[in-house]
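Please read them with the structure open beside you.

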Amino acid sequence: MLDVIVVGGGPAGSAAAAVLAGAGCRVLVTERARFPRSKPCGDYLNPGCAGVLDRIGVLGDVERAALPVPGWRIVAPDGATASTAFSSGAGFALPRRTLDHVLLTRAATMGAAVAETARVTALDRGPGGVRVTVERAAAPGGHEVLNARLVIGADGLRSAIARMIGAGTVPRDGRFTVGAYLEGLDGTGASGERTPGEIHFARDRFCGIAYLPGGLANVTLALPAGALRTWRADLESGYWTALRAFPGLAGRLARARAVGRLRASGPVRYRRRRAVTDGVLLAGDAAAVINPMTGQGMFLALRGGELAGCAALRALDRGGPTRRALAIYDRERRREFGDAFLLSRLLDYLAFRPAVIRRAVRAMADRPALGTRFIDAVGGVSRAASVMHPGVLAALLGMA
């Protein structure tokens, strides 16, 4: 019998598997895809991710593969701009194809077995552990039944494991993202300086840009479902038309062209699931999703996977992974992410009020220390609660 089956080889699953395998557990990671593989994403990690990457032993690999992101250029709907910088450290810009391969390779190096192109189709919990049915071409008859003491579901927004334990389905509303890798994007702003990260706001949408190694830029839009439906006849035309409508991008697209296909995903909105039951933990997007605007999703995945791995170790060492034994994981997640969840919901509420964004951007442009305080909070350099103080909020909203 295995100690743990981790379903999903993305950042949360790989982080959990690395923790568990490093502690000597018998771990199997099942992954539907074959790595390396591409995945819709903003390709950005906040500075707060560095600690987790270091603890699981891949920080050096990520630093070598990524471009540093020392701050963000924030552009309001009217073109007003604030250039912000983290007070310490930097974020990382690198393709998910690269990041996920680095993380899963690390889990395997630590001793985890990896089964790619393997899809979990059934999960049965009992007093003796968890029985998992895996559809896998390499198995006799196309499937195999595995037994483990614990399962960690890290299989994303549309988590099959969450559905199997009755933890909820995919939200029907929320924003959709449409992104592409662009070459030839003019990466200079009004100051003439190339910036490694940008976020542009409009009335009902925003656009994030991460400059990647090799000269490409990940340019991803997040927009309401209703707007996306109007693009169905011609997704590419809708994408380019939307980019040209942002004041900070309109004059920078003359030489830009997409490399590869457009990537769409969603719906994405704030959502938390019950993450614990007898014999099962959920981690990453399977456990909680927040608006991608702040770049906190990758920290949630990596740190959430690390917490899941540590919680699993404790439960396995102390009599078994019952719901009661695993409950501390839910408490740790609330303590670790509660402020970030609250800040994300507040920003999602305020971001699509153009007058509010204009005031905030102008306030950060006039007071660079305020801009640093803001992106430190959303970037994991400081606690999210540090900008929830009424005086700071008043300053950001141009009221102080």
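**Notes on packing, sheets and rings**

1. In helix α1, the residues Pro-11, Ser-14, Ala-17, Ala-18 and Ala-21 meet Arg-96, Asp-100, Leu-103, Leu-104 and Ala-107 of helix α4, where contact means heavy atoms within 4.5 Å. By class, this contact of α1 with α4 has seven nonpolar, one polar and two charged residues, with Ala, Val, Leu, Ile, Met, Phe, Trp, Tyr, Cys and Pro counted as nonpolar, Asp, Glu, Lys and Arg as charged, and the others, Gly among them, as polar.

2. This is a predicted model, in which local features need pLDDT of at least 70 and side-chain atom pairs count only at pLDDT 80 or more, while totals for chains, interfaces and linings use all residues. Residues are numbered from 1 along each chain as its sequence is written, and side-chain values use heavy atoms, with hydrogens and water left out.

3. Helix α1 (residues 11–22) and helix α4 (residues 96–109) pack with their axes 8 Å apart and at an angle of about 20°; axes are lines fitted to C-alpha atoms, for helices over the stretch in contact, and angles run from 0 to 180 degrees between N-to-C directions. The two helices, α1 and α4, are therefore roughly parallel to each other (angles under 35 degrees count as roughly parallel). Helices (H or I, at least four residues) and strands (E, at least two) are DSSP runs, numbered from the N terminus.

4. Three strands form an open sheet in the order β3-β7-β4, with antiparallel pairing, and two strands pair if DSSP finds at least two bridges between them. Because β3 (44–45) and β4 (67–69) stand at the edges, each with a single partner strand, one side of each is left without a neighbour in the sheet. Strand β4 is joined by three bridges to β7 (residues 91–93), and Val-69 has Gly-91 in β7 as its bridge partner.

5. Strand β5 (residues 71–75) pairs with β6 in the antiparallel sense over five bridges, and Trp-72 stands opposite Thr-84 in β6.

6. Which kind of aromatic pair do Tyr-44 and Trp-72 make? Their ring centres are 4.8 Å apart and their planes stand at 85°, so the pair is edge-to-face (rings of Phe, Tyr and Trp, the last by its six-membered ring, pair if their centres lie within 6.5 Å, and planes over 60 degrees apart count as edge-to-face). Tyr-44 lies in strand β3 and Trp-72 in strand β5, so the pair ties together parts that are 28 residues apart in sequence.

Notes. Angles under 35 degrees count as roughly parallel, over 145 as roughly antiparallel, 65 to 115 as roughly perpendicular and the rest as oblique. Rings of Phe, Tyr and Trp (its six-membered ring) pair if their centres lie within 6.5 Å; planes under 30 degrees apart count as stacked, over 60 as edge-to-face and the rest as tilted.
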